[in-house]
Amino acid sequence: FLLNTMDWWSLKYRRCEWALAYMVRLAALATVLVAIWNYSPHAAAWLPIAMLYLFLRVNRKVAQIISIAMLAIVILILGQHWHAETAIITRAFFINILCICILSMYFSASQRVSEELEQTNLQLNEVLKDFLNLRQSELKRTREQMVNALSKLALYRDYETGQHVLRTQMYVKALAQNLVRLGHYRQELSDENIELIFKATPMHDLGKVGIPDYILNKPGNHTAEEIELMRTHAIIGEKTLLIAAQDQNADSSILMVAASIAGGHHENWDGTGYPRALLGDEIPLAARIMAVADVYDALVSRRVYKEPWTHEDACVEILKLSGTQFDPKIVDAVILERDAMRKIQEAHQD
């Protein structure tokens, strides 16, 4: 009984070697055969152990039928050996057999309840998993709708087009991937972060919705006051995106990345930019990449105030600004990626 209980315990909690469990089963089977062969009361006392095993390991209906048959055999064996000189021992055997039968039923019932509870828990976990997946899908869809709406709002009153957004997205992604190939900023530019930056770039000029039309679309040069007012678009965009992202505290959310780009893509590497005059690595990496992509696209594109530059002239200009306006490592990536950038510009012209 002790060995069979260990067998049940080991199989339930997986804390015993499988060899011990199989040895116990073979011993139980052997004693059943000996008991049937010899009609021995001592061997017959092992029959309930086999019955216990059957309750735990065999189909319950089959186990019940076989167990009843075993109990009948035990009673017959005890009846054959019900002598006066062995009556006390026999009664003790019989009481032990009844106790083991009760324990067998208890183990069987407890196992059945445990299995039902486990099945219920599995079903509950599946329901919770489906609910969480549905919730996450709804949140993701809502977030994507907000991002799309803000991206369209950024273009609503600006002279720039949807092709500009697509080009800068592709420039940024190409530059980020090339920086990784060059061995720069590998920790900051994981595949997941590159994808976040790619999705966040369309909102870099969201703050321009707060700039008057006569300044935003002025064909000539701006006055000093107009320049100062124009520069406020960086702070306006950053604050707007931070408000939209206030329920997303993680720095890895799209809106948080977009806020860092909006507020930092006009900062200069040497600390002469705006709105905060950040210096070097103080500028968010995504904003530094966006700054180069934005300037390149502005140079090679037609604007109300200028004609488009050639690809070669734009690359030369960016190279001149390395270490002053732009991060030198990103400029190196531009030079190595210049052919790809030209193909992007030619394939997605306004």
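First, a word you'll need: a residue is buried when its relative accessible area is under 20%, exposed when that area is over 50%, and partly exposed in between (1.4 Å probe, protein chains only). You're looking at a predicted model, where local features need pLDDT of at least 70, side-chain atom pairs count only at pLDDT 80 or more, and totals for chains, interfaces and linings use all residues. Numbering starts from 1 along each chain as its sequence is written, and side-chain values use heavy atoms, with hydrogens and water left out.

Nine of its 11 residues are buried, so H12 is largely enclosed by the rest of the structure. Among the buried ones are Ile254, Leu255 and Val257.

Next up: salt bridges, meaning a side-chain nitrogen of Lys or Arg within 4 Å of a carboxyl oxygen of Asp or Glu. The whole structure has 10.

Pick Asp205 and Lys208, whose closest N and O atoms are 3.3 Å apart in a salt bridge. Are they buried or exposed? Asp205 is buried at 3%, and Lys208 is buried too, at 6%.

Now jump to Glu337 and Arg181, a salt bridge at 3.4 Å. Glu337 sits in the loop between H15 and H16 and Arg181 in H7, so the pair ties together parts 156 residues apart in sequence. Glu337 is buried (13%), while Arg181 is exposed (55%).

Last stop: Arg288 and Asp281, bridged at 3.7 Å.

Conventions:
Helix = DSSP H or I, 4+ residues; strand = E, 2+ residues; numbered from the N terminus.
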